[in-house]
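Please look over the sequence and the model below before you read my comments. I have kept the comments in numbered points, so that each can be checked against the picture.

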Amino acid sequence: KYRSVPSSRMVVEVNEYSTNPTQAFTFYNINQGRFQPPHVHMVDPMPHDTPKPPGYTRFVCVSDTHSRTDAIQMPYGDVFIHAGDFTELGLPSEVKKFNDWLGQ
């Protein structure tokens, strides 16, 4: 979070949880339902083999695969979005494995 000050400088305020990631995880994990904007509507996932209706664009969205892509059944899609955490430890070998998986 930041705020402007009159002299064109920017002041960065340190979040209270920045020094304690365990406390941050606990807080946001417990309270995450409270942060859902009112205009966001939850949808039920479709089975991976559901045919795509003509004239539609199918987005395939996944996240948090943590190097465990072997058992994932990916549907056909027009746009693929991986929203993060695709490795367990961030090792180059995990990045290569993920890249190879994307190329299949």
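This is a predicted model: local features need pLDDT of at least 70, side-chain atom pairs count only at pLDDT 80 or more; totals for chains, interfaces and linings use all residues.

1. Residues are numbered from 1 along each chain as its sequence is written, and side-chain values use heavy atoms, with hydrogens and water left out.

2. The overall layout. The protein chain has two helices and four strands, and from the N terminus on these elements follow the order β-β-α-β-β-α. Helices (H or I, at least four residues) and strands (E, at least two) are DSSP runs, numbered from the N terminus. Of the 104 residues in the protein chain, 14% are buried; here buried means under 20% relative accessible area, exposed means over 50%, and partly exposed lies in between (1.4 Å probe, protein chains only). The protein chain exposes about 9,000 Å², of which carbon and sulfur atoms supply 57%; such areas come from the Shrake-Rupley method with a 1.4 Å probe, and for residues only the protein chains shown count as cover.

3. The aromatic rings. The structure holds three aromatic pairs, where rings of Phe, Tyr and Trp (its six-membered ring) pair if their centres lie within 6.5 Å, and planes under 30 degrees apart count as stacked, over 60 as edge-to-face and the rest as tilted. The rings of phenylalanine 86 and phenylalanine 98 count as stacked, because their centres are 4.3 Å apart and their planes stand at 25°. This pair links distant parts of the chain, since phenylalanine 86 lies in the loop between strand E4 (79-82) and helix H2 (92-102), whereas phenylalanine 98 lies in helix H2, twelve residues apart. Phenylalanine 86 is partly exposed at 26% relative accessibility, while phenylalanine 98 is buried at 10%.

4. A further ring pair. Phenylalanine 98 also pairs with tryptophan 101, and this pair is tilted, with 5.7 Å from centre to centre and 40° between the planes. Both residues lie in helix H2, three residues apart, which is about one turn of the helix, and both are buried. Taken together, ring pairs link Phe80, Phe86, Phe98 and Trp101 into a cluster.

5. A buried threonine. Threonine 65 lies in the loop between E3 and E4, and it is buried, with a relative accessible area of 7%. Apart from its neighbours within four places in sequence, threonine 65 is in contact (heavy atoms within 4.5 Å) with residues that include Ile72, His82, Phe86 and Phe98.

6. Lysine 52 and aspartate 78. The structure holds four salt bridges, a salt bridge being a side-chain nitrogen of Lys or Arg within 4 Å of a carboxyl oxygen of Asp or Glu. In one of them the side chains of aspartate 78 and lysine 52 meet at 2.8 Å, N to O. The pair links distant parts of the chain, with aspartate 78 in the loop between E3 and E4 and lysine 52 in the loop between H1 and E3, 26 residues apart. Aspartate 78 is partly exposed at 37% relative accessible area, and lysine 52 is partly exposed as well, at 30%.

7. Lysine 97 forms a salt bridge with aspartate 70, the closest N and O atoms being 3.6 Å apart. Because lysine 97 lies in helix H2 and aspartate 70 in the loop between E3 and E4, the pair ties together parts that are 27 residues apart in sequence. Lysine 97 is partly exposed at 33%, whereas aspartate 70 is exposed at 68%. Aspartate 100 forms a salt bridge with lysine 96, with the closest N and O atoms 2.9 Å apart, and these two residues are four residues apart in helix H2, separated by about one helical turn.

8. A nonpolar patch. Phe59, Val79 and Ile81 make a nonpolar surface patch of about 240 Å². Patches are made of residues with over 30% relative accessible area and no salt bridge, with like charges joined within 9 Å and nonpolar side chains (Val, Leu, Ile, Met, Phe, Trp, Tyr) within 5 Å. Valine 79, which is placed in strand E4, is partly exposed at 31%.
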